[in-house]
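Please examine the model shown below. The report that follows covers its confidence, its overall architecture and a selection of local features.

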Amino acid sequence: MGCTEILEKLLETVCGKQHDAPIKSDPSNRTSSIKIKGTVVLRKKNVLNFKDVGSAFLDRMHELFGKCVSLQLISAVHADPGVPGAFILKNNHHSQFYLKTVTLEDVPGHGEVHFVCNSWVYPTHCYNYDRVFFSNKTYLPCNTPEPLQPYRNEELVNLRGTGSGMLKEWDRVYDYAVYNDLGHDRPVLGGSKDHPYPRRGRTGRPLTKRDSSLESRLPLLSLNIYVPRDERFNHVKFKDFLAYSATSMSRVIIPEIASLLARPFNEFNSFKHVLGFYKDTAAEGSRECMPWKMLKGQFHKFPIPHVITEDNSAWRTDEEFGREMLAGVNPVIIQRLQEFPPTSKLNPEVYGNQTSKITREQIEKYMDGLTVDDAIKYNRLFILDYHDILMPYLKRVNSTTTKTYASRTLLLLQDDGTLKPLAIELSLPHPQGDKHGSNSQVFTPCNDESVEGYVWHLAKAYVAVNDSGYHQLISHLCATYQSR
């Protein structure tokens, strides 16, 4: 036997042999048995990981004792031969593998049947049920073939879990729990009659000895939290996650330390100071290694936003303001204006007259010859309205160190499909009381270097703050995670 043949035998023993596997029908079937040729695509738990060689060797040893991977086809119809609609896979090896696809060729009366699996399969002793995979064909529940229905129902039960016990790495449970792992000094979030949400993914970690209603927390810096194995990062993506996390932490910690030492405290001295948080243009396009970037002071800096790659002041234009509003985090709040001036839906007995103070004369000179009535008629006038949303809470917000306004922004849809800001109204509660309405100021476009120009930029900044804050609290947290 030559050296090449010896090497091939050794690799086959350690890593397994790649080949097209003949897949037989269920031998317990009382009808005639047929052979179906199929191709199985899988990979071991860590490609290019030398620690995995030992597991591969043990898998080969299991095969010597008859502990192989078995596959049993399940027919989707009551016929002979039936069309495979699912299969049961039993992994009798020592370690898990990632099953990508199974393709059956020349199925009698049907041709090719393809199964997209994309799932980790652990040894059979890890499960108290069979791993079932279904063909790449979707059915409504009422149209699911009768032979597959019990397997579908059992699969749903397995994915829901029992609601108790600590979940292990190989579990495939998608269950929910209240936020009872925030610490002893924090309340449990969710689960009450008035506030059933938010919820988190259940992990089943042991309860604390100090309080049996609280779940124990993970050790500091531990990332070993239960997530269904199929949803976890692969090792390459996980390493990228750790690298980006380290970069992100440095971008927070280093500027925070700098702000503590700055005078005045926690403030920017100039726009040049703000731009200092971004990488140099030359460093941005380089492929230098991370240690060298750290030595050059570029590691903790943010990538340069595309909008300022050519011009540092491009972010200040009205065109960019409209573009970021439409292509930003919360475009669904923009509405077509149907009446002018904009009115309020707040209770006038409590909040007085909250109708907008914006006038036709203030905006029509920026409307390219259109009148307000024409713009409304032809669906060209839009509004970003945070007035009613914020007005009831402004006194409470402004009693803290944080200050803001309730805002209304009128926008014109231009012929090129972009939005052009026409006016911004910033409002505060009336100093004599809520029943007296609002105390409002209207600002219109001004892009020169005058005081009015900088006030217009400041008004746009308040709008951007409201847009971002509403997105984070309402659109994202409440409407996405806490909705029923």
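## Confidence of the prediction

Residues 292-296 have a pLDDT that stays under 50, and the model has six contacts for them beyond four places in sequence. The structure is a predicted model, and its average pLDDT is 80, with 79% of the residues scoring at least 70. A further stretch with pLDDT below 50 covers residues 1-31, which has 36 contacts in the model beyond near neighbours in sequence.

How should the predicted coordinates be read where pLDDT is low? In such places they should not be read in detail. The contacts listed for residues 292-296 and for residues 1-31 belong to stretches where the pLDDT falls below 50.

## Overall architecture

The protein has 14 helices and 14 strands. Of its 484 residues, 34% are buried. Among contacts between residues at least 6 apart in sequence, 56% join residues at least 24 apart.

## Aromatic pairs

Seven aromatic pairs are found in a search of the whole structure. One of them is formed by Phe87 and Phe115, with an edge-to-face arrangement: the centres are 4.9 Å apart, and the angle between the planes is 75 degrees. This pair links distant parts of the chain, since Phe87 is in strand 4 (residues 84-91) and Phe115 is in strand 6 (residues 111-121), 28 residues apart.

Together with Phe133, Phe87 and Phe115 form one aromatic cluster.

## Charges over rings

Arg229 lies over the face of Trp120, with a distance of 4.2 Å from the ring centre.

## Cis peptide bonds

Tyr197 is also part of a cis peptide bond, which joins it to Pro198 with an omega of about 10 degrees. Pro198 is placed in the loop between strand 8 (176-177) and strand 9 (200-201).

The peptide bond from Phe340 to Pro341 is cis as well, and its omega is near 0 degrees. Pro341 lies in the loop between strand 10 (335-336) and helix 9 (348-351).

## Positive phi values

Asp106, a residue other than glycine, has a positive phi near 55 degrees. Asp106 is found in strand 5 (residues 97-107). Its relative accessible area is 68%, so Asp106 is exposed, the cut-off being over 50%.

For Asn379, too, phi is positive and near 55 degrees in a residue other than glycine. Asn379 is found in the loop between helix 11 (372-377) and strand 11 (381-385).

Ser438 is located in strand 14 (residues 438-443). Its relative accessible area of 8% makes Ser438 buried. The Ser438 side chain makes a polar contact with the side chain of Ser440, at 3.1 Å. Leaving aside neighbours within four places in sequence, Ser438 is in contact with Asn353, Gln354, Lys357, His387, Met391, Ser427, Leu428 and His430.

Ser475 has its place in helix 14 (residues 451-481). Which side chain makes a polar contact with the side chain of Ser475? The partner is the side chain of Asn330, at 2.9 Å. Asn330 is also among the residues that Ser475 touches when those up to four places away in sequence are not counted, and this list includes Ile333 and Thr480.

## Cysteines

A disulfide is a covalent bond between the sulfur atoms of two cysteines. How many disulfides does the count give for this structure? The count comes to zero.

Cys117 is buried, with a relative accessible area of 11%, whereas Cys142 is exposed, with a relative accessible area of 64%.

Key. Residues are numbered from 1 along each chain as its sequence is written. Side-chain values use heavy atoms; hydrogens and water are left out. Helices (H or I, at least four residues) and strands (E, at least two) are DSSP runs, numbered from the N terminus. A polar contact is a pair of N or O atoms within 3.5 Å; within protein, one must be able to donate a hydrogen and the other to accept it, and residues adjacent in sequence count only if both atoms are side-chain atoms. Contact means heavy atoms within 4.5 Å. A disulfide is a pair of cysteine sulfur atoms within 2.5 Å. Buried means under 20% relative accessible area, exposed over 50%, partly exposed in between (1.4 Å probe, protein chains only). pLDDT is the predictor's confidence in each residue, from 0 to 100. Rings of Phe, Tyr and Trp (its six-membered ring) pair if their centres lie within 6.5 Å; planes under 30 degrees apart count as stacked, over 60 as edge-to-face and the rest as tilted. A charge sits over a ring if NZ of Lys or CZ of Arg is within 6 Å of the ring centre and within 35 degrees of the ring normal.
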